[in-house]
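Subject: Structure for you to look at

Hello,

Here is the structure I said I would pass on. Please open it first, then read my notes below.

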Amino acid sequence: MDKQTLSFQAEVKQLLHLVAHSLYSNKEIFLRELVSNASDACDKLRFEALNDNALYEDRPNLEIRVTFDKAARTITISDNGIGLSADEAIANLGTIAKSGTREFMDKLSGDQQKDAQLIGQFGVGFYSGFIVADRITVESRRAGLKPEEGVRWSSDGTGEFEVETITRPQRGTDVILHLRDSDTDFLNTWRLKSIINRYSDHISLPILMRKEQWDKDKGEYVLLDEWETVNQAAALWVRPKNEITEAQYHEFYKQISYDNEPPLAYTHNRVEGRTEYTQLLFIPSKAPYDLWNREKRGGVKLYVKRVFIMDDAEALMPVYLRFVKGVIDSSDLPLNVSRELLQESRDVKAIREGSTKRVLGMLEDLAENHKDKYAAFWKEFGAVLKEGIGEDHANRERLARLLRFASTHADEGVSFADYVSRMKEGQEAIYYITAETLAAARNSPQLEIFRKKGIEVLLLTDRVDEWMLSHLYEFDGKPLQSVAKGAVDLGKLQDEEEKKKAEEAAAAIKPLLERLKETLKDKAKDVRVTTRLVDSPACLVGEEGDISGHLARLLKQAGQKTPEVKPILEINPEHALVKRLERTDRFEDLAHILFDQALLAEGGQLDDPAAYVRRVNALLAG
Ligand SMILES: Nc1ncnc2c1ncn2[C@@H]1O[C@H](COP(=O)(O)OP(=O)(O)OP(=O)(O)O)[C@@H](O)[C@H]1O
């Protein structure tokens, strides 16, 4: 192929611009990214060679070399991995194939500072070379192709790149960075070594650099023809725990997660027994931008006997732990394991169960011993963890203990155990209310009697709460009871006198109830007297087993059909407004207003807001 000039995909141009302008604060990451690509290329070769050993040609030892040339002002990162064909170079280095990166591009705000932070979550990979280089040349040959089928790719990182065929006897890739004038300080063994130590120590392949020696005559260090390995060259998770520093764990985490913040916690174990594997799992400090995408595959990489098999092996972690990042290295799975096989494998099932327990153990430890960290975790990931209540029956008990809520007694951080420890003498149930917002929950009329009696109520406002509650009926033998469903049954918390008073009030008000029922028959399935209200005239409740108004609204928002369930209107016979009903000549207006206000108070929407306004105005004017 003669030399061709091609244009970058529009998104690449945008990305390149961003790379060159936003990443100045942390220039040295270019080396991490390019070494990581070189390592990936070696992993890919090892993987393909499982089925075709000839791909190793005569160089089975995979390695990465980092060299520099002061005179030419270049740094070269070389690998003898899978290499690129000409077509692959055009496709992979001229476009953004990864959907993640494309999504990232969509999220760019144009605000450089924000975008630079965002970039940390993605890693710009190959293009990060342009942070320090004003031209990058890639020379490569794919394993298995002939020497004449090599390719040279070159670009100054603006709009276009050039490709041509070259002859290249050795397989693999050289990425040659032509440094900008301002970045020649990277042409220094010590500097490069220290960057490799910081970012790439855990890369499992040897990273080689030429040795240096002090030359007395020249009065400077000169490079020798001898090479030395400058990293540990052992996969981090294989090394004994006591030889790994906290900083190394954190760096490894950053590398696999693209998260700039250190992880909240990690766990590193060798599991022995029927299924043998090593797990190194991290809990991030911050939720990724796509946490809510349940389709997104998990963040756990699968290795088999240190050979990289796949990213995002979702079968290794339950969906509700999709925020966990890390590596699992199995000693038992076959090297040619596929995603389909993973789904069925008994070993994988054992690994998933073991890893789930480990993560829950980590969370329990945080909850117990590092309360601040657990609170931070809960803020970021609590709502996702709640999915586990419905999805992971085996661990439901443990998960329930990890849940945290707001309540009428505390703004956040209330566990079921806290709640139970504060239960009143004679209180049998754990009371909760669901609502769209904390304010709506806190101010619901249904809470009035509980507040009056000092009984704590959990305030649930996450979207997933209703669903979660359909899978969780009790904690520690105490039933969970909605304060907005069924008749209030405070059981032993209510004394006989109160009960008697309520019954008498109900009897006295019977004719009024009948009238209300008739007037509101299209809106309410029943109207009854309640003791749950103190300051409000009325509230809506559901029948035990009915879906709540809150859930019905959530489902409606999600575009799902919901069964038409009419609520029950409960009225407070002591309230002035209710008393007024008995002698008003605008009974119908007032009845509707009572209902509509009860609906508004629980966060509902009126079917006919104009009618409501008209009625209120009529009353105000009258
Ligand atoms: N040293 C290399 N050898 C072979 N192919 C490479 C090499 N470096 C890059 N590539 C190819 O170029 C593609 C783009 O690289 P880039 O670093 O931009 O993205 P990525 O590696 O897919 O993602 P990321 O680096 O964010 O994990 C790679 O997927 C790979 O196909």
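Helix 21 (residues 587–601) packs against helix 22 (residues 609–621) at an angle of about 125°, and their axes are 10 Å apart. This is a predicted model, in which local features need pLDDT of at least 70 and side-chain atom pairs count only at pLDDT 80 or more, while totals for chains, interfaces and linings use all residues. Residues are numbered from 1 along each chain as its sequence is written. Helices (H or I, at least four residues) and strands (E, at least two) are DSSP runs, numbered from the N terminus. Axes are lines fitted to C-alpha atoms, for helices over the stretch in contact, and angles run from 0 to 180 degrees between N-to-C directions.

Helix 21 and helix 22 are therefore oblique to each other (under 35 degrees is roughly parallel, over 145 roughly antiparallel, 65 to 115 roughly perpendicular, the rest oblique).

In the contact (C-beta atoms, placed from the backbone, within 7 Å), Asp-589, Leu-590, His-592, Ile-593 and Asp-596 of helix 21 meet Tyr-612, Arg-615, Val-616, Ala-618 and Leu-619 of helix 22.

Two loop residues also deserve a note. Arg-73 lies in the loop between strand 2 (64–69) and strand 3 (74–79), and its phi is near 55°, a positive value in a residue other than glycine. Asp-476, in the loop between strand 18 (474–475) and strand 19 (478–482), also has a positive phi, near 55°. Most residues other than glycine have a negative phi.

Regards

Conventions. Contact = placed C-beta atoms within 7 Å.
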